[in-house]
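Student: I'm new to this one. Can we go through it in short questions?
Tutor: Fine, ask away.

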Amino acid sequence: MVSPTRLQFMKKYFLLFKPSQDFIRQVQNTQSSPEIYRDGRTKTIRTHIARSLSLNTIHRYPSATTPQDSNPVHDDDEKHTEAAKTIIQFIRSNPRWEETLESEIYPNLFTAQCVRKVISLQNDTVLALRFFLWAVRRQSFRHEESTYAEIIDMIFRAKGWKAATALSKQPECCSNSVIFEVLVKSYCRIKMVSEAVDTFNEMRGLGFSPRVETCNELLQCLVKVNRTDLFWGVYGEILECGFLADVQTFGYLIQAFCKEGKLREARELLDEVLENGWVPDVFTFNEIIGQFSRQARFRRVSELLHLMIAKGCMPDIRTYTVILDGLCKNGRVEQGLWLFDDLKERGYDPDVVTYTVLLDGLCKIGKMDAAGELWFEMHRKGLSPNKFSYNVLIDGHCKQGNMKQGQRLLAEMYDRGCEPGTVTYNTLIAGLCLQNKIYEANDLREKMLEKGLNEDLITYNTLIQGWCKQGNVLEALTIYNELLEKGLDPSVSSYTPLISQLCKEGKMQDAMTLFNEMLKRHLIPLSCTHDDLVIGHCQQADIVEAMLMFNRMLQSRLKPMEDTFRVLIQALCGEGRVDDALSVLDEMIEKGYKPGVLVCNCFVNTLCGEKMNETKICFERVIEIPRR
């Protein structure tokens with residue numbers, strides 16, 4: 001039973017009750033007055049809203065079903081339809097139809113409309129392209145512009161984007177705005193965003209004005225792949241061509257602000273859109289709710305849930321899934337479970353994504369038994385775990401040291417036809433390395449390659465760290481060289497364990513070679529790497545290099561470890577460089593460390609004998625430390 005305190009939390013933040021009619025009327029009648037937008041970009045958007053609202057009442061765009069659509073024009077002529085069906089049947093039943101088609105079928109059927117109808121009704125891309133090219137070779141025949149659009153779209157859908165792009169370069173296509181719109185949409189569909197933007201800009205350069213549907217599809221694609229850098233450039237072009245936006249357009253603008261973390265601007269734009277009588281779709285609300293949830297700003301989440309219901313946009317399971325994700329990522333897994341149970345009681349059907357979010361939260365806090373129960377519940381409901389679900393559970397078991405269960409889940413993935421990816425194997429390899437089972441990790445890597453999967457940077461970095469942890473720097477360097485041969489760029493995580501192990505083994509020249517290589521690659525070494533190098537140089541009695549590295553740390557505003565100060569002071573005292581040792585002592589004290597017995601003894605032993613006066617001075621400086 002949910003306690004009153006928990007129920008209050010749930011009601012307060014997640015709208016697990018129906019808002020009153022008075023509240024709904026209040027929200028519907030409220031005229032928001034957003035603050036002056038901080039970003040100059042949003043001032044332009046505000047003007048665009050007003051202009052679009054006023055002009056959309058008298059300007060009608062062609063709908064997706066009108067003859068002006070960039071999709072093939074629907075032909076109601078039954079004669080063309082019947083002729084097209086006859087031709088399709090003929091070419092399907094005759095392998096060498098190109099030689100006999102024209103003589104077998106009445107020539108007067110070969111009109112541009114009939115050819116377009118054949119291509120639009122053909123579900124075999126290869127045959128459609130053969131027929132298209134055959135028609136091109138016929139004398140005095142010319143394809144309609146919409147036929148080019150049809151065949152290009154069909155080739156794109158068959159994953160032949162190179163052939164489709166080449167066809168679009170034909171002279172007949174270069175002055176056709178419909179072709180450009182098909183290209184933009186097709187590139188968006190396969191997430192080739194740079195090509196989509198380039199085509200859009202080329203279209204604009206030729207003086208064509210894209211339709212609202214095309215602009216929205218491009219904006220939507222850029223938001224989905226998180227390319228807000230390109231998004232705002234495209235939006236600027238849209239404004240220049242006098243584009244009249246609709247509610248979808250402004251929904252994508254809100255989502256773009258969310259992707260950039262500009263939640264204040266997103267919320268202000270949402271209020272502005274609502275004030276003008278438009279209601280964004282549930283996807284827009286989900287994006288902004290998700291961002292507030294991830295920042296643990298659940299009061300805002302509650303406000304938005306009330307608002308969207310009052311405006312007639314009902315939350316769906318994805319809405320609550322992003323809230324659950326925010327709860328779990330902010331360590332509120334138990335509250336997430338309460339919300340999850342209440343959603344089921346209220347008739348919501350959680351999907352695989354919802355279950356995966358909760359599984360991830362439970363695994364992150366080590367509650368593997370609860371995760372197992374949720375896993376079996378998902379199976380009982382007939383939901384098939386996806387690759388992400390398996391990865392989450394495998395990661396949880398690996399971090400708990402339960403490698404057998406992790407490998408059992410890997411086998412289960414193959415049995416269920418859910419192909420593991422590189423991430424799955426990386427998780428298991430990392431788990432084996434944590435348990436010092438580097439040879440088993442290497443064997444698993446070989447199995448991964450046998451399955452046709454390729455290692456990524458994380459695979460190599462994990463194995464480098466594993467071999468270094470075993471003290472086998474030669475194998476680690478072999479993995480590092482393989483990484484380079486594959487054309488991958490090493491990261492800070494590639495170098496850090498290598499340099500550390502080389503320093504432990506006294507191979508300072510090799511360690512410094514890797515350190516300098518990091519700098520050439522514009523990688524910033526971690527503070528612990530500097531510590532390793534300072535200590536390594538000291539242990540090799542190379543005080544000059546140790547001091548150079550120590551000074552580099554200070555100049556880079558890095559804080560050395562306490563052991564680094566101690567080892568350096570001992571080395572300097574051993575070389576009789578008392579003044580330098582005292583300078584290091586001052587830095588040690590300034591960084592908040594207190595010299596221990598070893599440091600004090602080091603100074604005393606070094607200064608005793610003929611330098612009793614200096615010893616006294618040094619001792620007085622040390623005993624003053626507690627007063628500072």
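Student: Which residues form the negative surface patch?
Tutor: Glu440, Asp443, Glu446 and Glu450 form it. Patch residues have over 30% relative accessible area and no salt bridge, with like charges joined within 9 Å. Asp and Glu count as negative, Lys and Arg as positive, and His and the chain ends are left out. A charge is placed at CD of Glu, CG of Asp, NZ of Lys or CZ of Arg.

Student: Where is Asp443?
Tutor: Asp443 is in helix α25, residues 438-450. Helices are DSSP runs of H or I with at least four residues, strands are E runs of at least two, and both are numbered from the N terminus.

Student: And is Asp443 buried, partly exposed or exposed?
Tutor: Asp443 counts as partly exposed because its relative accessibility is 46%. Buried means under 20% relative accessible area, exposed means over 50%, and partly exposed lies in between, using a 1.4 Å probe and protein chains only.

Student: Where do these values come from?
Tutor: This is a predicted model, where local features need pLDDT of at least 70 and side-chain atom pairs count only at pLDDT 80 or more, while totals for chains, interfaces and linings use all residues. Residues are numbered from 1 along each chain as its sequence is written, and side-chain values use heavy atoms, without hydrogens and water.

Student: How many helices and strands does the chain have?
Tutor: The chain has 35 helices and 0 strands. Of its 628 residues, 48% count as buried.

Student: New topic. How many salt bridges does the structure hold?
Tutor: It holds 30. A salt bridge is a side-chain nitrogen of Lys or Arg within 4 Å of a carboxyl oxygen of Asp or Glu.

Student: What does Arg267 pair with in a salt bridge?
Tutor: Arg267 pairs with Glu303, with the closest N and O atoms 3.6 Å apart. The pair links distant parts of the chain, as Arg267 is in helix α15 (residues 263-275) and Glu303 in helix α17 (residues 298-310), 36 residues apart.

Student: Why does Arg267 count as buried?
Tutor: Arg267 is buried because its relative accessible area is 15%. Glu303, at 38%, is partly exposed.

Student: What about Glu587?
Tutor: Glu587 forms a salt bridge with Lys591, and the closest N and O atoms are 3.4 Å apart. Glu587 is partly exposed, with a relative accessible area of 23%. Lys591 is partly exposed too, at 23% relative accessibility.

Student: Which residues do shared partners join into one network?
Tutor: Arg267, Asp271, Arg300 and Glu303, through salt bridges that share partners.

Technical notes
Patch = residues over 30% accessible without salt bridge, like charges linked within 9 Å, V, L, I, M, F, W, Y side chains within 5 Å. Areas by Shrake-Rupley, 256 points an atom, 1.4 Å probe, with all protein chains shown as cover.
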